[in-house]
Amino acid sequence: MRISPLLTWYFGRHVLFSILAILVLLVGLIFIGDLIELLRRASTRPDATIGIIIQMALSRIPFMTEKVLPFGVLFGSMYSFWKLTGNQELVVTRAAGVSAWQFLLPPLLCAFLLGTLQITALNPLSSILLQKYEKLDSRYLKGVSSVMNLSSSGLWLRQGTQNGQAVIYARTIHSQQENRIDLRNVTVFRFENLDDFTSRIDAARAVLTPGLWHFYDAWSFIPGQKSTFAKDLELPTNLTVRKIQDSFASPDTMSFWDLKPFINLLEHAGFNARRHLIHFNSLLSRPLLLCAMVLIAAAFCLKFSRRRRVSLVIGGGVTTGFLLYFFTDVASALGVSGGLPPALAAWAPAGISALLGISTLLHLEDG
């Protein structure tokens, strides 16, 4: 028997509302916890007013929504299926000849749409607000004026050139603006074919402007030739202040639409792009992961709730959520360390969860 459009809409709406309700509950609890922690950290910072703290906590809501969305789908679907089975609605539907796979289609479609919405809309919003949060955190709670990381030995940058690469080292960052960085005591090593040294530049000052490095009071050294001095020397670049900052920042602060071009830039310049690749593939796999959560929820609830074993349903769902979180972290760590290819590390949790849900339903259901 083919499921009717009205029944499709009813099941989809019921599951979607349950997911959104659980998601709001989880995000609300996390917001309260974040707010308390920020208030504790701001207790010794007179500049961090209550308005700043609330603004920081609100800025993390889209980011935390992304993090808990799989658990919201899992617990929301479990609650919805448990409720529908407890009211005998699924029993009547199955008695009318509708198989489990047919009435699971609307919830799966809702989960897929939520995953797509996260990738295309929620993630870009989350990246913007998370950058805002980190800037406020650096300014008011950490007391750091620059968002760029600077080690004790100085700042190292690497950029791709037409024939190879250029490695730029600066002892200090004199100033930083929206589209301009002023470095002091700068050394540039230029290479062809990745490891063939061609020249070296020592400059008292280097200024990055859009598309160009300006070196002042620069000495150029080429093997086998006499060194030369120039008051002003220019070097084309594809680096920008934003790209340099993003290279030191977490991939979470980058929009899904900016990740792929930035990964290509990192690889061309010789940077390690594994973290960004894993994050990019994890976002791509999110619709599949959310569909897997619906399948796992159905596997727990469609049979067990009929026997009134509520504790088993709740315990199984919570255990599955924690195991998924643990496995995702392990796979990501293996991917970053090089133990797994980035694509496999990102897609493995979603793929294994989907296979687990499908195989369990095939074992339990006869429809």
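Q: What makes R205 and D182 a salt bridge?
A: In this predicted model, the side chains of R205 and D182 come to 3.1 Å, N to O. The cut-off is a Lys or Arg side-chain nitrogen within 4 Å of an Asp or Glu carboxyl oxygen, so the pair qualifies.

Q: Which parts of the chain does the R205 and D182 pair link?
A: R205 sits in strand β4 (residues 196–209) and D182 in strand β3 (residues 181–192). The two are 23 residues apart.

Q: Why is D182 called buried?
A: Its relative accessible area is 3%. Buried means under 20%, so D182 is buried.

Q: Why is R205 called partly exposed?
A: R205 has a relative accessible area of 26%.

Q: Which residues are linked in a network with R205?
A: Salt bridges join D182, R184 and R205 in a network.

Q: What makes D217 and K231 a salt bridge?
A: Their closest N and O atoms are 3.0 Å apart. The limit is within 4 Å, so the pair counts. D217 lies in strand β5 (residues 212–221) and K231 in strand β6 (residues 228–236), 14 residues apart.

Q: How do you know whether K231 is buried or exposed?
A: K231 has 57% relative accessibility. Exposed means over 50%, so K231 is exposed.

Q: What does the salt bridge of D34 and R60 tie together?
A: The side chains meet at 3.0 Å, N to O. D34 is in helix α1 and R60 in the loop between α2 and α3, so the bridge ties parts 26 residues apart in sequence.

Q: Why are D34 and R60 called buried?
A: D34 has a relative accessible area of 17%, and R60 has 16%. Both values fall under 20%, so both residues are buried.

Q: How many salt bridges does the rule give?
A: The count is seven.

Q: Which residues make the nonpolar surface patch?
A: L39, I50, I54 and L58 make the patch, of about 340 Å². Helix α2 (residues 50–59) gives the most, with three residues.

Q: Which element gives the most to the largest nonpolar core?
A: The largest nonpolar core has 37 residues. Helix α9 gives the most, with 13 residues. F81 is among the residues with the most contacts inside the core.

How values were computed
Residues numbered from 1 in each chain as written. Predicted model: local features only at pLDDT ≥ 70, side-chain atom pairs only at ≥ 80, totals over all residues. Heavy atoms only, no water. Core = buried A, V, L, I, M, F, W, Y, C linked by side-chain atoms within 4.5 Å. Buried < 20%, exposed > 50% of the residue type's maximum accessible area, 1.4 Å probe, protein only. Helix = DSSP H or I, 4+ residues; strand = E, 2+ residues; numbered from the N terminus. Patch = residues over 30% accessible without salt bridge, like charges linked within 9 Å, V, L, I, M, F, W, Y side chains within 5 Å. Areas by Shrake-Rupley, 256 points an atom, 1.4 Å probe, with all protein chains shown as cover.
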